[in-house]
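Thanks for coming. I have one structure to go through today, so please have a look at the sequence and the model while I talk.

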Amino acid sequence: MRAGRLTGTVAGVIALALTAAGCGLSGGSDGGDATAGGCEVDKGNVGSGKLTGDVEGKITFQTTNLKKDFGDFFNGVIKAFEKAHPDASVKWIDDPGDNTFTQRTVADAQACTLPDVLNLNSETGTALTKAGYLLNLGVKDPDAKEPFVPAFWNSSTMKDSSGMPQHTVLPWYTGGIVLTYNTDLLERAGIDPAKPPTTLFGLFADYEKIAKAGQGKYYATMANPVWRIPADFDQMNIKVLADDGKTAVFADDPRTTEWVAWMAKLYKEGAMPKDSLSSSNDPSTLYSQGKVAYGSTNPSFVRFVKQNSPSVYTKTGVGQQPYDKLGHTTGAPQYIGVAATSKHAPAALAFAKFLTDAENQTAWCKDPNVVIFPTTTVSLDDPFFQKVTGDDPFSEARKLVAEQLKTTTAYQTNLSPAVQNAIVAQVQLAMQGKKSPEQAVKDAQSKADELLKQAG
């Protein structure tokens, strides 16, 4: 069960709308009219050549659901930036980060009113990049990559309308991924908590042991496969989509069918609560009640358990998420993008880099009110992450994530909600015994292809 994010945005079918609108880039620093999407922009913002100009003017910076809890931190960052650049000023706005975030942000882009600097999730960044609404940082500022962990930077690309990868976003913070588990329930099932499995099927085998030991009194995990698709496939290095993203290919890998067969077997044998097959509830409540052995993979979950169920917290262990065939974890970072439509792009880019530099990332990640991890090399080498002395679950989680982030990639398969739900529905049928795993996988790919074709 993959980590959540501070922002809970979910992408809509935005790419289709953008494609239909005929968006893209034109013009550039070599002269002529310049546009980004349907918006007229400074010709230096698009095309070839580095972005040049003075850091001046009033820019707008948009976060998602951060102002309530982190006002002091971000006001301090803004104040420091304005002090260093007295001809520039920053207006901070905060989007609620609800389920319509992507749709509303794309609407802002099409109306040429995109904020100058934006906090983005992967789905929104992908949609804006495809339509050409974000500054191409790889061209406009090739040195922007310098502070970031190489694996994270190299994998933080989005594709333009022609399918070519671009660096249009700066990786910001990420949550990390760990196994959290109730050591007491694992030991009752004969599982050594000190030896977490190295593959997902190994983890599934442990789930099976818990089902046999629990006999319906406690469970291994939650059933709804929406928590695992496509994250499990990515971790197993199962290719989900073709290179052009226009067709699904996951059924071509026999491990996909094996994965579905495991899920069906575990559900049938009682490793998961029967009523959780379609439930959107994560394991927080049942885990805190000692009724589920494995909790969320988000490190902040450990803090939740500590605050809400001290008795279960004392039994909670933390281990490495199985790397499986991928060989490392994948992060789901939040990003910072700069609007190609900005009228003060040099100032916007300077602020985006200032916000995401090592000093500011380290400072924010040390905030006691948040459990997040930085994406800059210097930040991860900070003693706060590398010399954690405690052996409590929270300290163990911090040590594990800080170590894994040195090789983590930002890449995760982006599926639209429609495609993801279509795949999930077929897996659910297999788990209920209404389809064989083979047929469910075949039908899932067919339905995914139909939806991908409709999206163009």
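One caution before that: what you see is a predicted model.

The pair is helix α19, residues 417-431, and α20. Their axes come within 9 Å and cross at roughly 165 degrees. With the cut-off at 145, α19 and α20 are therefore roughly antiparallel to each other. The crossing of this pair is right-handed.

Which residues make the contact between α19 and α20? From α19 we have Ala418, Val419, Ala422, Ile423, Gln426 and Ala430. They meet Pro437, Ala440, Asp443, Ala444, Lys447, Ala448, Leu451 and Leu452 in α20. Sorted by class, that contact holds eleven nonpolar residues, one polar and two charged.

Helix α20, residues 437-455, also packs on α10. Here the axes are 9 Å apart, at an angle of about 120 degrees. That angle makes α10 oblique to α20. The crossing of α10 and α20 is right-handed. On the α10 side the residues are Thr256, Thr257, Val260 and Ala261, and on the α20 side they are Pro437, Glu438 and Val441. By class, the residues of this contact divide into four nonpolar, two polar and one charged. Note Pro437: this residue of α20 meets α10, and it is also in the list of α20 residues that meet α19.

Next, a helix pair elsewhere in the chain. Helix α2 covers residues 67-84 and helix α14 covers residues 345-355. Their axes come within 11 Å and cross at roughly 130 degrees. That makes α2 oblique to α14. The crossing is right-handed. In α2, the residues involved are Phe74, Val77, Ile78, Ala80 and Phe81. Their partners in α14 are Ala347, Ala350, Phe351, Phe354 and Leu355. What classes do the residues of this contact fall into? Ten are nonpolar, with no polar and no charged residues.

Now the domains. The chain is divided into domain 1, which is 40-174 + 332-386, and domain 2, which is 179-328 + 415-455. How far apart are the centres of domain 1 and domain 2? Taken over C-alpha atoms, 32 Å separate them. As for contacts, six residues of domain 1 touch four residues of domain 2. The size of an interface is often given as the accessible area lost when the parts come together. Between domain 1 and domain 2, the buried area is about 360 Å². Carbon and sulfur atoms give 50% of that area.

Last, two points about the backbone. The peptide bond from isoleucine 229 to proline 230 is cis, with omega near 10 degrees. Proline 230 sits in the loop between α8 (200-214) and α9 (231-235). The other point is asparagine 237, which has a positive phi of about 60 degrees although it is not a glycine. Where is asparagine 237 found? Its place is the loop between α9 and α10, and α10 runs over 254-269.

Key:
Residues numbered from 1 in each chain as written. Predicted model: local features only at pLDDT ≥ 70, side-chain atom pairs only at ≥ 80, totals over all residues. Heavy atoms only, no water. Axes fitted to C-alpha atoms, helices over the stretch in contact; angles between N-to-C directions. Helix = DSSP H or I, 4+ residues; strand = E, 2+ residues; numbered from the N terminus. Parallel < 35°, antiparallel > 145°, perpendicular 65-115°, else oblique. Left-handed = near helix turned anticlockwise from the far one by under 90°. Contact = heavy atoms within 4.5 Å. Nonpolar A, V, L, I, M, F, W, Y, C, P; charged D, E, K, R; others polar. Domains from an automatic or database assignment. Buried area = accessible area lost by both parts, 1.4 Å probe.
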